[in-house]
Amino acid sequence: MTVEFWFLIGAALVFWMQAGFAMVETGFTRAKNAGNIIMKNLMDFCIGTVVFSLLGYTLMMGEDTLFGLIGLPNMDLFTNFKEFIASPADGFTSASTFVFNLVFCATTATIVSGAMAERTKFSSYCIYSGVISLVVYPIEAHWIWGGGWLSSIGFHDYAGSCAIHMVGGIAALVGAMFLGPRIGKYVKDASGKVTKVNAIPGHSITLGALGVFILWLGWYGFNGAAATSVSELASIFLTTTIAPSVATVVTMIFTWVRNGKPDVSMCLNASLAGLVGVTAGCDSFDAIGSAAVGVVSGIIVVLVVELLDLKLHIDDPVGAVGVHMANGIWGTVAVGLFANPDAPAGLDGLFYTGSASLLGKQLLGVLTVGVYAAVMMIITFAAIRKFHGLRTTAEEELAGLDITEHGLPSAYPDFVPAVDTFSSFSTLEAVSAETTAVTGDTPAAEAIPVKKIPSFDEGAPKFTKIEIICKEAKFDALKKAMSTLGITGMTVSHVLGCGVQGGRPEYYRGVPVETNLLPKVQVDIVVSKVPVRSVIEAAKKVLYTGHIGDGKIFVYDVENVVKVRTGEEGYDALQDVE
């Protein structure tokens, strides 16, 4: 009873991983597709439950038939429910086994969502999700866990590096190839050759990080649910902690050296890559073996993500192929290398015993399961594309799938960009002292250029409009400076500045970022009595830090000012006191 209780708790943790996948994929893609991503992850589990109940479960766990290729289908779940939930003398109830295998099946299906994000028809994705949970995953999982031919020869995949992650990663690769890249991802010349790769950053690295932490927590159930003793469970928890931690550190150092800065999104991918890598052998590795798996995983994920994007030009927005397929293969093969006879599984790895027997079995399993998954997914996606259509129209893709596929104007309707009154304590001090700390050496004329817009009237203008673009953190200091000059009326807008800072290239997942949309504040002021030069100098004083990007000031001639409520014009219209 105690062991089966933990078995079901582990299954619940694996189900919770659906939330992690949803957050990672949503955060790594654009906000206009957030609702679509959530919907796909939800339907992966719900559609999967329906088809797995009808056929998938028995194909996987039914009586072995056809020389270990499939389980014999039956309807015991529906026709013999009393026996299905009854506790046997040995082992778990069929109901527990069903739930446990169901949540693993749903994990396989949802891996594909991120790789095909932002341009897949929702109905087509639902068809794919049904197919992989109905027949694709159950058959190969039967080979490994259902008493099929791979399990009979001694192939070892304790928690699914091969059965789940490699298969899901292969499906992701095939799906991304059939779909083609997102609009604007690759620039081609007249001959069709890719001449430039564009970075398309996700809209929320925070959501992505939340998803990774959720997945990591769920992975303790993913890897540990089948443990039958405290010692085995503790060993699995240990290896499941070491591998992703090492992988993340390695990726941090690797991207730091290559790109000049540690890549946040790639480090998040690395945590998942290490988890995928250790999954097959979490019960057969020791601390050294799991650390070695993590080192290789941390390098593999970066190289594969960049290979697909920069060389093969396969658009995988979330790195699903690099995380799951590449590290699913690596983790499965690593069992044959690093399995320690003293670990709970008691297997003989090449580096510990000198025996290559297990390594040969692992390679055979990777090859056969990989070929099967690739062939099945090619057939599936080819059929969907031919008979139903796989990709949305260009207009739908550009508008975003939230509105075009689900009628959802925005996944964030109540989130309006806001300007912080004070960004930090140091800003408060700067406002109080009416001074700004200058940390750069760029001349003020370059840091805050003033541009005069010529007047069409050669005569001296009566009124002048001053438009100031500045950093959000400097708004309160600017407002106080204007108030000191006697200016109490101003129009403030939250805007996005598009551009990059010269001489400081930035990278997103190894791809140079050419333009960034950065939040700025636009302040519009119309003056008559207050000297324009006084406004400009006061603004420059509080905005200047000595760096490019401190802001810009535009000066326009204004012909007239009209106050709508009173009808007053000219100088009187600018006065606050009536």
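Colleague: How exposed is Arg 258?
Modeller: Arg 258 is partly exposed, at 42% relative accessible area. Buried is under 20%, exposed over 50%, partly exposed in between (1.4 Å probe, protein chains only). This is a predicted model: local features need pLDDT of at least 70, side-chain atom pairs 80 or more, while totals for chains, interfaces and linings use all residues. Numbering starts from 1 along each chain as its sequence is written, and side-chain values use heavy atoms, without hydrogens or water.

Colleague: Which residue does Arg 258 form a salt bridge with?
Modeller: Glu 306. Their closest N and O atoms are 2.8 Å apart. A salt bridge here is a Lys or Arg side-chain nitrogen within 4 Å of an Asp or Glu carboxyl oxygen.

Colleague: What does that pair tie together?
Modeller: Glu 306 is in helix α12 and Arg 258 in helix α10, so the pair ties parts 48 residues apart in sequence. Helices (H or I, at least four residues) and strands (E, at least two) are DSSP runs, numbered from the N terminus.

Colleague: And Glu 306, buried or exposed?
Modeller: Buried, with a relative accessible area of 10%.

Colleague: How many salt bridges in the whole structure?
Modeller: Nine. One of them joins Arg 391 and Glu 397, at 2.8 Å from N to O. Arg 391 is partly exposed at 26%. Glu 397 is buried at 3%.

Colleague: Which residue pairs with Asp 550?
Modeller: Lys 471, with the closest N and O atoms 3.6 Å apart. That pair links distant parts of the chain, 79 residues apart. Asp 550 sits in the loop between α21 (532-543) and β11 (551-558), and Lys 471 in strand β6 (residues 463-471). Asp 550 is buried at 1%, while Lys 471 is partly exposed at 32%.

Colleague: Which residues make up a network of salt bridges?
Modeller: Arg 30, Glu 118, Arg 182 and Asp 315 are linked that way.

Colleague: New topic. How many cavities of 30 Å³ or more?
Modeller: Three. A cavity is a set of 1 Å grid points where a 1.4 Å probe fits but cannot get out; lining residues have an atom within 4 Å of a point. The volume is the space filled by probe spheres on the points, which are joined across faces, edges and corners.

Key: 1 Å grid on protein atoms, 1.4 Å probe; cavity = no way out; pocket = protein on both sides within 12 Å on 5 of 7 lines; lining within 4 Å.
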